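Please keep the sequence and the model in view while reading.

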Amino acid sequence: MGDYDKDTAFIGQSGRYFWAAFFLLNTVFISTGFTGLYIVFVGAVPPHHCQIPHQANLTAEWRAVIVPTETAASGEERLSRCSRYRLDVVSNLSALGLIPGRDINLTDVALEGCVDGWSYSQDIFKSTIVTEWDLVCGDSWKVPFASSTLFMGFLIGSLISGQLSDRFGRKKVLFVSLAAQFVFVFLQSLSTSWILFCITFLFIGAAQIALYISAFVLGTELLSKSMRVIFTTLGTFLFYCIGYMLLPWLAYCFRDWRTLLAVISSFSLAYIPLWWFISESPRWLISQGRVAEAEFILRRAAKKNKVEAPEVIFKESGFGDGQKIKKYTIIDVLKSRKLRLITLLCLTLWMSVNIGYFGLSLNTSNLSGDPYMNCFLSACTEVPAHVMSTLLLRNCPRRALLSSFLIIGGGFLLLVQFIPESLHGLTLAMVLTGKFGFTMAFSVVYIYTAELYPTVLRNIGIGMCSSAARIGSITAPYVIYLGTYSKFLPYILMGSITVGSAVVNVFLPETLNKQLPETVEEMQECQGICRRKGNKSEDLEKKDNISRHNYTSERVQE
């Protein structure tokens with residue numbers, strides 16, 4: 001493929017073409033902020049207790065005590081959510097004129113389940129899937145399962161989107177994913193059962209992650225080297241935060257879950273005109289042997305940037321149009337030992353970061369205070385995190401940054417258990433600080449992974465890492481569900497996993513100030529990792545690569 005950055009240096013590092021591509025691609029990420037976390041409100045569990053039929057012949061005294069009190073995992077006293085005193089027994093006692101607590105000891109009255117359904121508070125939420133399908137008590141597991149189906153869709157989309165994008169192009173997969181997101185979110189708003197809700201959520205997850213990955217990789221390959229870091233950190237994530245910050249206000253205005261989903265789905269229609277303004281990745285076109293199309297895009301870019309393109313752009317491309325190009329798959333990632341090690345370490349990092357990030361994001365409705373404001377504050381916390389990580393990524397080593405951010409995120413979560421129960425504000429501040437650390441780690445791990453993999457395998461590599469991350473995000477709702485048994489257990493679990501992953505990170509090669517690799521051979525030559533002693537053939541291959549590319553011993557050691 002030659003040196004792409006050198007061949008296209010005539011376009012410059014900024015200009016009208018790059019800035020237009022930057023903003024147009026970033027607007028796509030606003031929609032992911034809407035769809036990624038609306039389950040926080042759609043699947044919220046409002047205060048509830050057993051329904052007492054209006055026709056039940058009970059005195060005011062018995063109606064006030066027929067639902068017993070219980071101690072929640074947080075330590076507060078509340079009405080029991082899953083049981084009541086037997087209605088037939090209480091009706092007889094009420095008919096006899098007996099007074100509860102004076103004539104009758106309530107502990108002697110038998111209990112029963114909520115056979116007449118539940119009564120839900122509408123102080124905050126008008127309706128959710130919980131209130132519509134009674135996903136409480138024995139069916140409470142269905143709420144985290146519904147959340148997990150989105151991330152299961154992420155897993156499926158991560159597995160197939162990379163290969164589809166590498167085969168059919170970044171642009172096509174991007175806009176097909178946008179269309180699928182609109183269709184399935186709208187269909188979900190029409191769901192008639194919990195099962196249909198979960199099925200559509202699965203497809204929404206697949207479409208959203210395909211959208212995210214294809215747009216992310218397209219921007220990585222389309223933009224100049226200097227703008228790439230801004231796009232992959234400050235750009236993509238800040239525009240995602242815009243959608244994330246708007247979500248709680250949309251949920252506040254539309255408190256019926258069906259109406260909220262219908263409104264969110266409509267936003268995807270606004271992206272249709274972008275098809276005519278966003279170009280395909282020239283890097284991908286070259287990897288497919290479509291050099292003429294790539295040169296056409298680059299000449300148009302040069303014209304927009306008001307620079308003159310050379311007569312022949314890719315002088316050292318090594319192949320022409322129509323030449324058969326090797327197609328890479330996941331199998332190619334597993335062939336090389338160095339690729340296998342890098343991929344394994346990246347999978348571990350992505351998994352732990354996603355457990356913490358999505359665990360805290362999904363937990364905002366369970367924190368004390370207003371759930372809409374908590375969600376907004378959680379989104380606002382990400383803005384300075386992305387800005388800071390972007391500034392630090394310009395000159396700081398990726399390994400040191402990622403390990404530091406992981407320790408910040410996990411460390412503050414481990415400290416939550418030591419905060420007194422009365423200091424709710426301090427607990428919220430600690431959780432938001434942990435979210436701050438996870439967000440910075442999220443920013444770094446994306447660009448770090450993109451810099452590790454070559455162009456021919458970049459989409460597949462990020463897709464594989466994103467697939468492993470889904471294992472973490474799939475389990476995140478259940479980690480939060482553990483809070484029903486112990487308030488601090490989710491924080492202890494997430495904090496321990498994250499701090500441990502900071503140690504794993506030190507084994508990855510450094511990518512600061514390194515050329516973005518184009519081929520597998522370049523990645524193997526310029527990225528170093530633990531050497532396996534005793535493998536003479538691999539050592540000879542390393543020496544041959546060193547001699548062919550005149551690499552210094554210091555860079556090989558790095």
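In this account, a residue is called buried when its relative accessible area is under 20%, exposed when that area is over 50%, and partly exposed in between, with a 1.4 Å probe and protein chains only. The model is a predicted one, in which local features need pLDDT of at least 70 and side-chain atom pairs count only at pLDDT 80 or more, while totals for chains, interfaces and linings use all residues. Residues are numbered from 1 along each chain as its sequence is written, and side-chain values use heavy atoms, with hydrogens and water left out.

A disulfide is a covalent bond between the sulfur atoms of two cysteines. Here a disulfide is assigned to a pair of cysteine sulfur atoms within 2.5 Å, and by this rule the count comes to two. Helices (H or I, at least four residues) and strands (E, at least two) are DSSP runs, numbered from the N terminus.

Because Cys82 lies in the loop between β3 (77–79) and β4 (84–85) and Cys137 in the loop between α6 (129–133) and α7 (142–168), the pair ties together parts that are 55 residues apart in sequence. The link of Cys82 and Cys137 is left-handed, with -105 degrees about the S-S bond. Cys82 counts as partly exposed at 37% relative accessibility, and Cys137 counts as partly exposed at 23%.

When bonded cysteines are counted along the chain, the disulfides follow the pattern 1-3, 2-4. Cys241 takes part in no disulfide, and the nearest cysteine sulfur, that of Cys380, is 8.6 Å away. Cys241 is buried, with a relative accessible area of 0%, whereas Cys396 is partly exposed at 24%.

Finally, Arg340 is found in helix α15 (residues 337–362). Arg340 is partly exposed, with a relative accessible area of 36%. Contact means heavy atoms within 4.5 Å; leaving aside its neighbours within four places in sequence, Arg340 is in contact with Val333, Leu334 and Lys335.
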